[in-house]
Amino acid sequence: MNSPAPTPPDALPPTPPGGLSDAEAAARHSRGLGNPPAPPTGRTYGQIVRENVFTFINNVIFVLGILLVLVGRPLDALVSLAVIGTNIVVSVFQEIRAKRTLDRIALLTRPTATVVRDGAERSVQPEELVVGDILRVGPGDQVILDGRVVDGAFEVDESQLTGESDLVPKRTGDPVYSGSFLVSGGGRFEVTAVGTASLANRITAGARSFRRVLTPLQREVNLVVRVTLAVVVYLEVVLIVNNLLKLVSASQTVGEAALVVGLVPNGLFVSIAIAYAVGAVRILRFGALVQQSNAIESLSNVDVLCLDKTGTLTANRLVVEEVVPLAGSEDRLRETLGAVVASAGVRNKTAEAIAVACPGSARELAADVPFSSARKWSAVAFADGSEPGAPGAADGPTAKNGSTAGHGAVEESALAGVVALGAAEFLRPALADGAGQDDESWADLRGRIDPYAEQGLRVLLAAAHPDPAALQGEGDEARLPAGMTPLGLVILADELRPDASQTLARFAAAGVRPKVISGDDPSTVAALARQAGLSPDLRFVAGPDLDGLDDATFAATATDATVFGRITPAQKERLVDALRSSGSYVAMIGDGVNDVLSLKKADLGIAMQSGTQAARSVADIVLTTDSFASLAPAVEEGQRIVNGMQDILRLFLTRISTVGLLIVTSLVLGLFPIDLRNGSVLTLFTVGIPTALLAVWAQPGQRRDTAGRSLARFIVPAAVLSSLVGLVVLYGTVVARLGVTSVGQFADVDPEVLAAAVRVGQTALTSFLVLAGLVLVVFVEPPVERLAVIEPRSPDWRPTILAIVLAVAFIVLMAVPAGRAIFALEPLGLAEIAVVALCLAGWTLVLHLTWRFRILERFLEA
């Protein structure tokens, strides 16, 4: 049976002052008007496991493992499955961790709401609320759901929704939005929207879906794996057809097929996982928490950094830079300002800053009008005393230039009348004719204000009127009396984060272009951006100017401009999308609900620990100390990961190419180069152990090109020479062991004797390839200049020491019968050992000369 369609809120009867009854609330729940619990993330644990276990490559290896068991080779099957098992465990752990983080996402930091039901207040869970419920809120409370004020008066902070830091007054009939916080006052509101219809849920609707953003390195590794897989499929078909024509046994065919499948470099994913894990641990001590494992490496690819002004570029703390008297003394003005903010019933961030710079005592008020973002001013009316702030007998006569002839003590009883504080443009209609309506006088006042405004400073004008009864009205209906006298200017600065300039300079040096996106006035934001060290001639754009632009013009503006002011959350998301579409790799730093969608849209999302839980939960990196300084070591870790993975790619691709060439050649010449378990020891010593440690030991530094030519210069000479010399080792050993003079005589040899000789030849080839692979470890991180012919010299000797230790370990393995048995190796005689040693020395010398004299580039004229 289908659920009934929910009743539109406008069709509901008005809620009585005593709130809904429990019966009516239950009835509205049943009609679909209740607030549902937060939805779960898109994937279950079972889906995560299935998607990581049953990939195409894994399925092929599973099938081959089963076939190996069926033909009596269980140890080979176990060795083949070990690597992909490690990869599965790491991947599943990473994604389950991401799922748990997303499941914890909760915009609302206050888990209960105070609802009025049956005339009484009670605390309930958010999912118990329905449309029409009356909720009571007080200072510090978060608005749980959208609604409309039914009684009371309060100021709310909507910065987490809009990005604007000014407090917004709410009176009867005004709308309130989920995700905002009460700063002062209190009252009740009626719920008008629940669930996905509420503003905060609409903003964060996309935040709960799992996202997987692949970095350039991950895409490159995926490409390598897919290309290798295509080659492997081709080789498998040729191998099976060849063995069927030659009537090769099923056991041998399955073993050879498993070896070919082993060419797919699944170990690359394990190496990446290790590198990411080590990087995350390293930067945690600097105050950066990694929530997506690839985030650190991703940061090294960023070329555009989008950041919100409030709470990111600035510390969201105002400080008074200067107090400039226009009538009377500075002491008198500071005393007046101190009394105003101490007496006012509502203190916003501006008032707090003035209170610190101008301490004062609270006085009795006849009227109090709090600041409103619509009016852009606040005012108080003192109950008794003489005219507030006006120059009196205590100060002496006022000179024409606005200074005073003398400075005296200000008695507390001297304060009376109205004092207003706000933006000069909005106070101008109430000023006396000399300063308000006269163009010349107004120009003089603007001449005092503009130099500060051009520096990105916030300038407030203080003005006074002698009659306390002249302040009329409440809220947005309040009106200032005419004929007010300017008292002075209050110059405030939005405090920059202490590390903002240095961090932005580091990003600029690395080729990263900053984009400052804010809900505040663009000219103010531009001035702050200049203070933070950005270009003096930067371009800034206002959000309303972007609305009418087509996609092409919008994208061009997003690329050219540096500062964007009065930006809505939807515009912020569109900006990030436009920058990505233009080919930029975009990082977004934010802390509010209004940043959530753009954080998810960006290639890399970074949140402040002090921001909302919604922003933290969708971010890839969380700055736990709210400090940009954490990003500098994160960039270095990203470079370390990229540099380490370049070395790892070289080793993996060289091994794959070498074995692949040997297998192709074997199909022509007739001898399969190595056994399945020989391949396991080759993988373990040349890429298994070395790549895991190279990921840990990688050095930071400027990124090196990972594409095409850089890899080819290393891989092609190494793979071609390794396969050619490997064939000499294989066939030279077999010919010498059989005592024949040519390969053509193999047909005359007893099959069992030939098989034994081939096993020795495969062991000799495996030994050569293992030792050659360890020499390559030295070449990718050369500790001395003489060896730095393909890669720059490394200050780290650990890779070279590792190569020596592994070479000794392999020799010990060859000397121990049990070790040889595990990997199907045969004991080598002195003749075979000499062949391996001579070939290894010659291969090393020729490879060194090939790289040193750039023979490949000269041949290709590249």
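Analyst: One begins with axes: each is a line fitted to C-alpha atoms, for a helix over the stretch in contact, and the angle between two N-to-C directions runs from 0 to 180 degrees. The model shown here is predicted. In it, helix H23 (residues 631–669) packs against helix H24 (residues 676–697) at about 170°, and their axes are 9 Å apart.

User: How are H23 and H24 oriented to each other, roughly parallel or roughly antiparallel?

Analyst: Angles over 145 degrees count as roughly antiparallel. H23 and H24 are therefore roughly antiparallel to each other.

User: Which residues make the contact?

Analyst: H23 contributes Gly644, Asp647, Ile648, Leu651, Phe652, Arg655 and Val659, while H24 contributes Leu682, Thr683, Thr686, Val687, Thr691, Leu694 and Ala695. By class, the residues of this contact comprise 8 nonpolar, 4 polar and 2 charged.

User: What is the strand order of the open sheet of 8 strands?

Analyst: The order is S8-S21-S20-S19-S9-S16-S18-S17, and the pairing is mixed. Strand S8 (288–290) and strand S17 (540–542) are the edge strands, each pairing on one side only. On average, neighbouring strands of the sheet are turned by 20° against each other, direction ignored.

User: In which sense do S17 and strand S18 pair?

Analyst: S17 pairs with S18 (residues 563–565) in the parallel sense, over 3 bridges. Within S18, Val563 stands opposite Phe540.

User: Which strands does helix H20 touch?

Analyst: Helix H20 (residues 569–581) packs on the sheet and touches strand S9 (304–308), S16, S18 and strand S19 (586–590). The direction of H20 makes about 160° with that of S19.

Terms used:
Residues are numbered from 1 along each chain as its sequence is written. This is a predicted model: local features need pLDDT of at least 70, side-chain atom pairs count only at pLDDT 80 or more; totals for chains, interfaces and linings use all residues. Side-chain values use heavy atoms; hydrogens and water are left out. Two strands pair if DSSP finds at least two bridges between them. Helices (H or I, at least four residues) and strands (E, at least two) are DSSP runs, numbered from the N terminus. Contact means heavy atoms within 4.5 Å. Angles under 35 degrees count as roughly parallel, over 145 as roughly antiparallel, 65 to 115 as roughly perpendicular and the rest as oblique. Ala, Val, Leu, Ile, Met, Phe, Trp, Tyr, Cys and Pro count as nonpolar, Asp, Glu, Lys and Arg as charged, and the others, Gly among them, as polar.
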